[in-house]
Structures are given as structure tokens and as C-alpha cells.
Amino acid sequence: MGSYHSFLLICCLIKGGDTMYNLLPKPVMIKVMDEEAINFDKICFLNLDGTSIKKSVVKNKFESLEGLDIYLQDIDVSSISSKVDSKALEVMVQQDPSFVKDNLLEYQKNDAYFLRVYMDNERNKGLIDIKYVHEKGLLNAFSTLKQLIRPTSNGFTIPRVEIYDFPNVEIRSISTTFAWYAGYSRVGFDSQLWNYEDWKAFIDVCSDFKINQINMCMYGYWPFKFDEFPETTLTNYPLKVWSKENKTWIEISYTHPNIVNEFLPDLINYAHEHFIRIFAYIGLNSYNGGYSNVYKERRAVPPSEKYYNNFDFLCLSDERNVDYLKKSIRRIVEIGFDGIIFEESEENYWYCSCEKCKKRYLEKTSRPADAKHLANYELLRKLHSVIKETNPSCEVGLRAWREEPVEKEVVYMENAKNSIPEDVFLYWAPGPYNPESEFEKWVKIFGPERICARDQEANAYSASMGRLFYMFRSNILRPDKEHLYWSLENDIEQYLGSVRNGCKGINGYVFEWYAYFLHLYAVSQYGWNANVPKEEFPYYALQSIFGEELAKDILYIYENIKIIHETQLPICKLFFPFLRYKVRREDLDLLRKIKGENRKINVMIDSLLDRIRKDKFLRQYELHFEKLKNMASRNEIILDMCFVSIEYESAESEEQKIILLKKLYELNEKDFDLIKEMYFDVNPHEKSGIRVCGFPYHEIKRSINNILEPDKYDPNTIYLGTETIGWLWL
Ligand SMILES: [Zn+2]
């Protein structure tokens, strides 16, 4: 990709005023032209009128630099010094492709920019020149400029640098949740509860870090108005919320924020103003609205009662179901999404066993997963037609063939490729449990130009942990005992593979945002410039935002905080597929050590929160660390639960066992008190017929009560989130 790499400056540390800092994503080329930084307190954009970028977009981007005066009028350059004083930084932008030195691909040119910060010595004024090919590049330059500006005690400072920059993949996307198994196992947490303003703020973050696509997961009851099937939307859904004031549960009717006040079309426009595309990420035939809960008789038919996961998908031999899916998809396209990514159901152990489906699919294939694929190829073609009829430029993506065996035959994958429309992009390809050659096989078969994502789902895994912290392998109690594939480091490994193979895009999950911003930053860095060793990335990214001192503390906490999921207590008999190891007597020393470490981490988080609240530029991260505090506080209690649960297992007398069970019961309540304090949706859901809750509290309470009061035995298991159910047969 050209000569600039050969003299790329490895050291990106710039001395600006008295702060050392990095840029995120790290640019391809940055040169410090003069050690002396420029101080200023106003910024004037002199000629934005020649571009179609809205002034409100530019103003909004720099507005978070509290105290900085922003001028966006077209001011005559000759009169500028009389209008604004010498402490004004002037920005001149110019569409001029001559700065492109390398043999760049079309998308790289469009995203590329050149930025120079220098002094006009005659006028004693700081100047910035920006050159770009497409306005996407100009906005990228503004994002970089925003990071270059740092506050000082009496204004702002910017280093004198030259930056030449372009990305290394075209699509730098993240998958977030707009609804995630809504109405099946939850109403929502995190971004699922955001309103328009919250989403706009998130788009701003994505723009600042050069993310250019957001895939909004909409699984479960639809989070939008749908006049033809209003019963399948997340409207007036009954929910019990905790009233701390009077320590009681209050039943309310919950409606998704986008139904209360429809904002998706405006949000999509807002994203487009930032050159960000918005995709819907939905099931191909799974959890499409609340349809399978409302019309239970139209679900797929399991071959035996052993399979309780019958709410996952619909019988495709029932034309009413296909009609519903087509109408749902048309409605989604009409909202204005730039694309739709379909995901195949995770259920691979059986397929619909009604007489019609047996003949159409099961008898034509050798295993249920292939019957599913066969049925889904038909469905995909139908829905693809609906999409293209409604909006020919709406893209189609697919996440499929994810089942075992994880290594597949070439002829099998070629057949798969030939079974889907040629313009469908892949948003899934082999991941961390495969040798890289398996991914390369897919690249060869489908072509790198069709691969936009791999199994880069570390944060989907984090989001399945009942709001306990999981990011790195080092967060696990006994990593060697787990089937552990997903982690931030494994995501990065895969991003590097995608870049190496020249793939169209990378995609990272941000299913849980608070406490997990690093997942977004990893997409930002590796989608733009993969030239950062993965071991260095977490500190590099943290330092770029928080500075050296805070970055060290945050990284220490992130790497050393341990997750012990409540289901890892031996008292909990339910199998949790994402953390399978149950704590035991041999772990006692380790658990005591973790307890000491967790106390230290709690103190560190308190101090961190204090410093972040006092810093007007970092205050925006407060919610991330408040949540981290809740996580570490829960760990304190869960560790105590471990000690009691281990003691219970070896207690000899019935009396002793009862004392310990009561102690465990109380600790479980304390854990739940912290959960209730922080989260809105904390109770089991059972509209599907199966009780499900992401918090193990209820299942542990049921287990304890069943021993303490056998005459009131409750036989109904409370499963740990719909996302675990497809895994329970492994
Ligand atoms: Zn059927």
C-alpha cells in the first residue's frame, strides 16, 4: 500500500503542552514538525460553505471541548485578525486529491485526508490546512483535529504536526443492541433503553472514532411501530420494577422508546450526516417480533418434548408465517435502514418436524442443521426480493453456517455460496476456535470483497454474563477449564486476519457499552490502521483518552478484576454454558487471593471515579465506571457466596447445612440489592412459556428454597438468558 509505510513514524507520542498523548485510531503517518505547541482559545472554520457537511455537525463535534469558542461563518480571511484576536486557530479546508501519495483504493481515497498544523509567523497565528478527496475524508480530519486539541489551564493547545491518513478496511462496523431477545428473556439493558438523544450521542462517539457502520440488533418483540402486526411489537409489555423508596415491586407497562416517540428515521438521517450507515441486524427466521409468542401454534414443531426451545423459529411450511416475515422485512426496509443483516437461528439440534417440513427439508438432508439451511436458502431468496423491490440500494448481509463442525469441507461451502444471492455480504466467518486456514478457505470461496465480519463477538459474550465484568481471558477464575474462545484479544487477532486478507470490513460487538468502550475502540483502531501490536492496544487506547496515569489504573482494574458467575457456585445445579467450571475446595486459596485483590480494585475504582467526575472532559465516562463499581461490589458478595457454598458442600450435619443455606440466601439477597440498585429489568420473563432471566439470583433462590422448604418445591428452572439456550445441548 505504498511508500509512506516505509518511513511511518512508529512513535506516535506527541508532546502537546505538558500532556503526552496518542491518537485513536493511530494515523498511518504523523510527523511532529516543531516541538513547540500552539496555544489558542478560539477555532475558526473559514470556508465550510463550499462543502455539504452541515455546520451543525461540525459545531457539535467540537462543542464537547467545553470553553472553546467555535466560529463557523464564512469570514473574509483578510479581515479575520480584526474580527478575532490572535488566539484564534484558523482552519482552511480544500478538496484537493493531489495529497494522495499512494496507490490507494477508491474507498481509501474517499476516507483519506491530509492535515497540517503550523504557525503563520507574519500574523502570529495558528493555522490548520486540511486536504481531502471526499467529504468523508474531511469529517475524518475533523475527528482527528478534535483529538489533537487538548485543554490547558487557560485555554487549549495543539501540537504542530502533519498527518497523512487513510483506512485499511472499508467497513468499520459495530453491532449494538436496539432490542435483544426483547420480550423473550428481557425488556432491556444498556443501549436497548436509550432514547433519541442517547443514540445521537453514541453516533457522535462512533463518528469521533471513525466507525462508519452500526448494525442494530433487533431480536424479539419489534422495537418499532408495525400497524399490520402491532401485537408483535414491544408495546405495553408488563414489567415489575423495584421502588427503592418503599421497598416494593411496581408493575408497569413498558413500551420501547422508539415506539413511544418514533425516532429511527431521524436517527438514520443523523447518522448519514456523519457518513455512518445504519443496518438492521435481525433473525432470518428467529425471534422476529413477538409472533412466535403470540401465535404459539405457528412455531416450529420439535421432534420430542426434550427440546423446550420451541419459540426460537417458525414453521416455514405455514404460509402465514412466511407472509408475516415478508411484511416485517418490508416494514424494516421502509424505516430507511441502509441494509439488513440476517442471522440464522442458533438451534441446530432439530428442525421443524411437522409433516410438511419433514418432506420439504428433513428428508432431503442428512442432519437438522442442513434442513435449516435448505429452508433458509428459500426464505432468504424471498426476503431478498422483498428488500430489493422496496429499496434496491438496501444491502443484504448474512450470518450463517455457524454450527459444528467448525471446519467445513470446501465442496460444502461452495454449495453454500451457490445457494445464496450473489450480492449478499457475509457478516460471519470462522473465528478464534479455528486455525486461520479455515477463515482463509472462506475468503477464497466467497472472495474477500464479500466478507464484512468474522466471529468477533467478545462483547456479546460479555453481555451474556449477567452484568459481571468480562473482557480478557485473565478475568476468568480458571481459564484452562473453560471452553473460552471469545475475548477482546481474540477479536483483535481476527481483525488482523481480516486486514491481512484484504477483507471488505471488520465488525466488533458492542452489545454492552457501559464499562466496555474498549471494544469499540478496538474496531476503531484495527479497522483504520492494523499497525498496532495487539499486546499494546489496550494501554495505547486508554492512554489516548485518559492520559498515562489514569490509563494505568484502568488497565490494572480491567485485567485483574475476576468474574465468578453466580452459577459457578456448587449450590447452583443449572449448567451455564459460558462459564462451566464450578468452584470447589481446591480453589479456596485462589479465592482468598482474589478477595484481597478485589478489595484493592474497589478502592481503585472509587479513586478513579472521583478523578473522572472532577475532570470536565472525562466526566462523560462516569457511567462506565459507576457500572464497573457495581460489578466489583457484587464480586465482593459473590466471593463470600463461594466460601459459604464450598463449606455447605462438605458440611456434615443437617443443622450446619441449614445455617449455611440461610447465610447463602442472605448473601444472594445482598447481590440482588446491588442489581436492583443499578438495573431496571431484573426479573424473569416467561411469555415464551420458559422462565428466563439474565441474573442467576432467581435460580439460586429457587435452588435454596427447594432444599429449605421441600413441601413448597418449585420445579420450574429459570434459565439464564435466551442466548444460552441454543448452547445447552453441547
Ligand atoms: Zn414445519
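1. Which residue in β8 is the bridge partner of L115? In this predicted model, the partner is I130. The pairing of strand β7 (residues 113–120) with β8 is antiparallel and comprises 8 bridges.

2. The hairpin of β7 and β8 has 4 residues between the strands. In this hairpin, N124 adopts a positive phi near 50 degrees.

3. Strand β8 also pairs with strand β6 (residues 88–95), in the parallel sense and over 6 bridges. Here E90 stands opposite L127 of β8. Strand β8 itself (residues 125–132) is mostly covered, with 6 of its 8 residues buried.

4. The domain assignment divides the protein into domain 1 (3–165), domain 2 (175–198 + 284–529) and domain 3 (561–725). The centres of domain 1 and domain 2, taken over C-alpha atoms, are separated by 40 Å. Contact between these two domains involves 5 residues of domain 1 and 5 residues of domain 2. On the domain 1 side, the touching residues comprise 4 nonpolar, no polar and 1 charged.

5. Helix α16 (residues 517–528) packs against helix α17 (residues 537–560) at an angle of about 100 degrees, and their axes lie 10 Å apart. Because of this angle, α16 is roughly perpendicular to α17. L518, Y521, A522 and Q525 of α16 form the contact with F537, P538 and A541 of α17. By class, this contact of α16 with α17 has 6 nonpolar residues, 1 polar residue and no charged residues.

Notes
Residues are numbered from 1 along each chain as its sequence is written. This is a predicted model: local features need pLDDT of at least 70, side-chain atom pairs count only at pLDDT 80 or more; totals for chains, interfaces and linings use all residues. Domain bounds come from an automatic or database domain assignment. Two residues are in contact if their C-beta atoms, placed from the backbone, lie within 7 Å. Ala, Val, Leu, Ile, Met, Phe, Trp, Tyr, Cys and Pro count as nonpolar, Asp, Glu, Lys and Arg as charged, and the others, Gly among them, as polar. Axes are lines fitted to C-alpha atoms, for helices over the stretch in contact, and angles run from 0 to 180 degrees between N-to-C directions. Helices (H or I, at least four residues) and strands (E, at least two) are DSSP runs, numbered from the N terminus. Angles under 35 degrees count as roughly parallel, over 145 as roughly antiparallel, 65 to 115 as roughly perpendicular and the rest as oblique. A residue is buried if 20 or more other C-beta atoms lie within 10 Å of its own, exposed if 12 or fewer, and partly exposed in between; C-beta atoms are placed from the backbone. Two strands pair if DSSP finds at least two bridges between them.
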